[in-house]
Structures are given as C-alpha cells and as structure tokens.
Amino acid sequence: MGKEVLFSAQNITKQYPGTLALSNVSLEIKPGKVVGLVGENGAGKSTLLKIIMGIEQPTEGGMEMHGETYHPQSPIEANKQGIGMVFQEQSLIQNLTVGQNIFFGQEENYTHFGILNKKKMYEDAKEVMDAVELEHIRADKKVSTLDFATRQMVEIAKVFHVAKREDGKGCVILLDEPTSVLNEGEVQNLFKNVRKMTAKGNSVVFISHRLDEVLEISDYIYVFKDGKNVCELDRKDADEDILYEKMVGKTASGEYYQIHRQTKPQAEVLMEAKGLGMRGYFRNINFSLHKGEVVGICGVVGSGKEELCGVICGDEEATSGSLFVRGKEVHLKHPYQALAQGILSIPKERREESVIEDKTIYENISMSNYKKVSSNGLISSEKEKQQAEAYLKELAIKAPSISQQVGFLSGGNAQKVVFARILASDADILLLNHPTRGVDIGAKGEIYSLIRDITAQGKGVIVLGDTLDECIGLSNRLLVMKDGEITKELDASADHKPEQVDIVKYMM
C-alpha cells in the first residue's frame with residue numbers, strides 16, 4: 001500500500017447494547033485514492049463512517065489524520081479537519097434553500113449588523129454548484145421542492161465544498177450510497193467530480209451495494225463482514241464474484257432473480273387502468289395486473305412512472321380515466337382508501353415514507369394490519385410481538401430484539417421490516433418502488449425470493465426496479481413509459497426475457 005497515508009483508523013471497536021457493530025477494524029486511506037468499502041447490510045460500514053465523522057464515538061481504538069491524532073466530537077469538527085460525508089439517508093434541511101443548506105453553520109460569514117446577505121450567499125452557492133456542473137439548480141430554490149435525486153446532487157456539492165482544510169492539505173470525502181437515486185448520467189458526473197478531487201490529492205471513501213460501480217471508481221477495496229474488515233484488495237485483483245464471495249461467504253448464484261420460480265399469471269384480473277391520467281404528468285394509461293403477475297414499469301426520471309404509482313396507491317388523485325380493482329371502479333384520494341381495497345405500496349424513500357424510525361420493529365410491522373393484532377378494538381402488544389417474532393426469524397432480520405427501534409437498523413434490515421409489514425397485511429396488489437435501493441447484494445437475493453413467494457400466493461406486484469436488469473429479471477411483463485405515455489409493452493416471461501437495448505429505445 002505504500003508509506004504515505006492521509007488518514008488511518010487503528011483497531012476500531014464499537015459496542016452497542018446487545019450488538020458488536022465493529023470489532024478491531026483498521027484501514028488506511030492514501031492521498032489521491034478512491035477507497036471502496038463493501039459488505040452486507042449490518043456489516044459495520046456506516047458505523048465506521050459515523051465514527052470518522054464524530055457522530056459516534058469508538059468503544060476502543062484510535063484514528064489519525066495527516067499523522068496527527070484525530071478524535072472529532074461532531075461533524076462540524078470533522079469538517080474543520082478536512083473530512084466530509086454524504087449520508088445514506090439525506091441530511092439536507094427541507095424548509096431551507098439550496099444556498100442556505102450549503103452554508104448552514106457558516107451564516108456569520110454573510111451577516112452584517114444582524115442582517116443576512118442572501119444575495120452574496122446565493123452568489124457563492126452558485127459558484128459551489130457550478131464547480132460540480134450543477135448550473136441548472138438555483139441556489140434560492142427551497143430544497144423541499146426538489147426531487148430526491150436532485151437533493152442528492154446538492155448534498156454531494158455541499159460536502160465537496162465544506163471539507164476543505166485551511167492549510168491546503170488533502171481532504172477525505174465519505175460517500176455512503178451516493179448513487180442509489182442517481183441515473184447513469186448523474187453517476188458519471190459524480191465520478192468525474194470524484195476524479196477531479198483525487199487528482200488534487202484528496203481522497204474518497206465510496207460505499208455502494210452496486211459492485212460494478214465500486215469496481216469502476218475504486219483504486220483499492222476493503223470488504224467488511226459481521227463488523228470486521230475481512231479483506232483488502234487492489235482493484236486489479238477484484239471482480240464482482242470475488243467481492244460477493246468475500247462479503248457473503250458463498251459464491252453468487254447464476255439464478256440471481258430466481259427466474260425459475262417466476263409464476264405464470266392467472267386469468268383473474270386484480271387491477272385494471274383504463275385511460276388513466278393525471279394532468280401534467282401522464283395520460284391515457286391502459287394496462288391490467290393479474291393474480292400471480294409482476295408488471296415492471298420502466299422509464300427515465302420525468303416519464304410519469306412515479307406519479308402513476310402515486311395515483312394507484314392513493315398518494316395522488318387521477319384527473320381522467322378509471323381504475324378498477326377486482327372489476328369494481330374505485331376512486332382513491334388517500335393511501336388508507338387504497339389499503340382498504342387491498343393496495344399497498346413500498347415507497348422509494350424508505351426512511352421518510354415506509355417506516356417510523358422511533359417506533360419498534362413490532363410496531364412498524366403491525367401498522368398495515370391492526371385488525372390482526374387487536375382484541376376488542378384495542379391493539380394487543382402481545383399479538384404484535386408474536387407476529388414480529390415470526391417475521392424476525394422468517395426474514396432473517398438482524399436486530400437485538402423486536403423491541404429495537406427501526407431507526408437503528410441498517411438499510412437492508414429496515415427494508416426487511418417493510419416487507420414483513422406487507423406480508424402481514426391482507427393486501428394483494430403491491431407497488432414496490434425501488435424495493436432493493438440501498439440494499440446489499442445478499443439482502444437483494446432474499447428480497448427477490450420474497451417477491452417470488454408473494455406472487456406464488458396469488459398476489460400481484462407492480463415494480464419500479466432499481467435497474468433495468470432488475471425490472472427484466474423480476475417481471476412477467478414490462479411497460480415502458482416516456483413523456484407520460486406507455487410507448488411499449490414487452491413480454492418478459494421466464495423463457496422470453498428482453499434485452500436492455502430493447503427497452504431503452506422506447507424510453508429515450
């Protein structure tokens with residue numbers, strides 16, 4: 001690895017009540033390098049990054065930055081010493097503008113006699129955005145009006161800006177799942193900016209469950225498993241199969257999407273859209289969903305696929321056309337009305353929309369099926385816990401107990417709690433919006449297996465996949481959307497899977 005080291009962690013251990021999150025972990029970050037960090041959910045990757053940022057304190061071990069002891073007590077201290085982080089779950093303040101978020105905590109630089117000079121702040125924010133080729137994002141725009149992917153780009157620009165040392169020495173940027181909501185063009189723009197940073201002697205730690213991206217951008221890779229650093233590989237010595245085996249402890253199955261378990265749709269129609277539209281977003285949508293079927297919806301950002309799913313699950317209201325559930329026309333204005341019709345959604349923003357972080361595992365699982373866990377009109381915590389214990393074992397959710405708050409779970413385990421809620425409900429029409437986003441490769445396989453279990457029970461699934469490959473692998477049928485319309489419907493039966501190129505030409 002060479003002698004010159006920008007940052008090092010030595011023998012880091014982190015003990016939580018009932019959980020050993022990190023055990024004797026050491027790593028080195030060299031100047032001008034991208035360090036890949038991979039491992040299953042719960043392997044300890046995010047915990048290590050939180051310790052480096054001063055959000056958490058290690059139980060044992062120490063760190064050095066530029067050869068000096070490094071022991072931050074907060075992210076602000078970490079920033080001052082040249083370390084910044086893009087968090088897996090976004091940290092921007094929704095009711096502030098882009099500019100106010102970029103310079104949050106630095107307001108004194110723009111205040112004169114108690115008055116904030118927003119004009120100057122926004123001019124400087126524009127320079128920050130321009131530096132990472134985000135000229136199209138206005139600095140005076142409220143963050144709450146931006147979509148998730150755009151907010152992620154703003155967060156990345158902010159971190160690239162704040163982690164600067166006054167002495168001009170190299171900085172370290174920690175990227176925890178930064179690409180999970182970005183399209184291919186945005187990912188390549190991020191990688192271009194990463195390379196610009198490393199060319200100046202800065203370093204980047206890159207966490208992603210997309211192993212192809214880790215291999216593309218990293219110079220060397222650390223593999224974490226069960227809170228330990230089990231392997232260090234130079235990029236030239238690694239490929240996806242090797243990383244998978246080191247992470248999971250077994251080789252990857254060729255049947256990743258379990259296509260052999262793909263059920264044939266039954267004749268019964270669960271749901272049908274006829275001429276469905278939402279003014280300004282999509283129009284004249286016609287399709288059906290059968291029992292035991294997975295329908296994948298593909299399209300770029302702005303194609304209307306997200307809004308279509310919003311209408312079906314009651315988050316949005318249709319302005320034209322009709323929606324039928326089991327042959328009966330329904331008018332959905334709220335998610336609870338959709339649930340009453342047997343429709344349940346897994347939104348893509350898991351932490352904000354799918355779980356209540358300060359509630360326990362058992363409370364989250366019972367949220368969509370209170371009738372099952374009630375006695376005489378009152379919720380029975382005993383029944384909630386019995387139900388949760390069964391799903392904790394069935395779905396292999398890693399947690400000290402069912403009384404653990406969901407906010408303390410890793411991304412993959414939190415997503416398993418969401419799937420447990422679905423399985424516990426009586427819903428038979430499921431909308432899965434990026435069901436494996438931010439989930440490691442091992443947990444993805446488990447989720448794909450769950451989807452096969454769900455369709456084997458006769459439930460119907462609509463999926464917006466994290467990748468085109470995922471949509472193709474999981475679906476019986478594919479709908480391609482562009483500019484608010486369905487431009488193509490493709491058969492994706494087990495023996496007739498289309499190629500990605502067959503889909504892309506109808507998306508663009």
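Okay, let's start with helix α9, where the buried residues are Lys305, Leu308, Cys309, Gly310, Val311 and Ile312. Buried here is under 20% relative accessible area, with over 50% called exposed and anything in between partly exposed, using a 1.4 Å probe and protein chains only. So that you can follow along, this is a predicted model, where local features need pLDDT of at least 70 and side-chain atom pairs need 80 or more, while totals for chains, interfaces and linings take in all residues. Numbering runs from 1 along each chain as its sequence is written, and side-chain values use heavy atoms, leaving out hydrogens and water.

Back to α9, which spans residues 305-312 and is mostly covered, with six of its eight residues buried. Helices (H or I, at least four residues) and strands (E, at least two) are DSSP runs numbered from the N terminus. Just past α9 sits Gly314, with a positive phi of about 90°.

Next, a helix pair. How do α5 and α6 cross? The axes of α5 (residues 148-162) and α6 (residues 184-199) come within 12 Å, at an angle of roughly 5°. That makes the two roughly parallel, a label for angles under 35 degrees; over 145 is roughly antiparallel, 65 to 115 roughly perpendicular, and the rest oblique. On the α5 side, Ala149, Met153, Ile156 and Phe160 make the contact, and from α6 come Glu186, Asn189, Leu190, Asn193, Val194 and Met197. Contact means heavy atoms within 4.5 Å.

Now compare α13 (residues 381-394) and α14, whose axes come within 10 Å and cross at roughly 120°. These two are therefore oblique to each other. Who touches whom? Gln387, Tyr391 and Glu394 of α13 meet Ala420, Leu423 and Ala424 of α14.

Helix α14 also leads us to the sheet: its residues 411-424 lie across β18 and β21 (429-433), and the helix runs at about 180° to β18. Axes are lines fitted to C-alpha atoms, for helices over the stretch in contact, with angles from 0 to 180 degrees between N-to-C directions.

The sheet itself is open, with six strands ordered β18-β21-β22-β15-β23-β24 and mixed pairing. Strands pair if DSSP finds at least two bridges between them.

Last stop: β23 (residues 477-482) and β24 run antiparallel, joined by six bridges. Leu478 has Leu490 in β24 as its bridge partner.
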